[in-house]
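Please examine the structure shown below together with the numbered points that follow. They are arranged from the terms used, through the whole chain, to single residues.

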Amino acid sequence: IDFSKFQISEADITVLQNELGIEDENVVYGHVGRFTFAKNHEKLLEIFKIIHERNEKARLLLVGDGELRENITNKINALRISEAVIMVGKVNKPEIYYSVIDTVILPSVFEGFSMTTIEAQASGCPIVVSDAVPDEAMISDGCSSLPVTATNYEWASVAENLIGKKVTLD
């Protein structure tokens with residue numbers, strides 16, 4: 001992994017925040033990955049619903065696309081969080097998006113090596129992952145793991161507690 005690609009200038013971060021409508025008072029949770037069953041977006045959205053109820057300035061940034069896009073959009077609408085969710089679709093350079101995310105949430109049902117986990121940590125972004133993510137992908141002190149079966153409230157609390165955490169690579 002070329003770690004230098006995760007060093008994003010403040011000017012580029014500001015431009016991206018403006019493009020996405022992210023304001024200084026927003027706390028941004030994020031997810032980078034295909035919209036598939038394995039990534040467990042349904043649980044992710046339920047976790048974010050709890051976070052948003054606790055903090056109306058919270059935003060969820062979804063980077064990716066896939067066969068479950070319509071289902072995910074319907075779930076966002078059903079949970080009444082559409083004003084707080086930013087969907088950017090599939091992108092060529094996902095690394096820039098980590099620069100505007102405060103914490104990544106990855107409640108996957110199953111995972112391979114999990115490039116998202118590595119990339120989040122390489123960008124300095126703390127991440128909470130399910131126990132489906134292999135230990136080898138946890139390369140920093142900014143990675144927390146929970147059983148995928150943990151309650152959505154437990155997931156929300158861990159994600160919230162990671163806000164502002166400095167990530168140091170092992």
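1. Two residues are said to be in contact, or to touch, when they have heavy atoms within 4.5 Å of each other. In that sense H52 touches A58, R59, I81, E83 and A84, leaving aside residues up to four places away in sequence. H52 itself belongs to helix α2, which covers residues 41-54.

2. This is a predicted model, in which local features need pLDDT of at least 70 and side-chain atom pairs count only at pLDDT 80 or more, while totals for chains, interfaces and linings use all residues. Residues are numbered from 1 along each chain as its sequence is written, and side-chain values use heavy atoms, with hydrogens and water left out.

3. The protein chain contains six helices and six strands; these are DSSP runs numbered from the N terminus, helices being H or I of at least four residues and strands E of at least two. Their order along the sequence is α-β-α-β-α-β-α-β-α-β-β-α. The radius of gyration (taken over C-alpha atoms) is 15 Å, close to the 15 Å from the globule rule (2.2 Å times the number of residues to the power 0.38) for 170 residues, so the chain is as compact as a globular protein of that length.

4. Along its principal axes, the C-alpha trace spans about 40 × 35 × 30 Å. Of the contacts between residues at least 6 apart in sequence, 68% join residues at least 24 apart.

5. How much of the protein chain is buried? Buried residues account for 48% of the 170 residues, where buried means under 20% relative accessible area, exposed means over 50%, and partly exposed lies in between (1.4 Å probe, protein chains only). H52 is buried, because its relative accessible area is 12%.

6. T73 is located in helix α3, residues 69-78. T73 counts as partly exposed because its relative accessible area is 29%. From T73 to N152 the separation is 79 residues in sequence and 19 Å in space, C-alpha to C-alpha.
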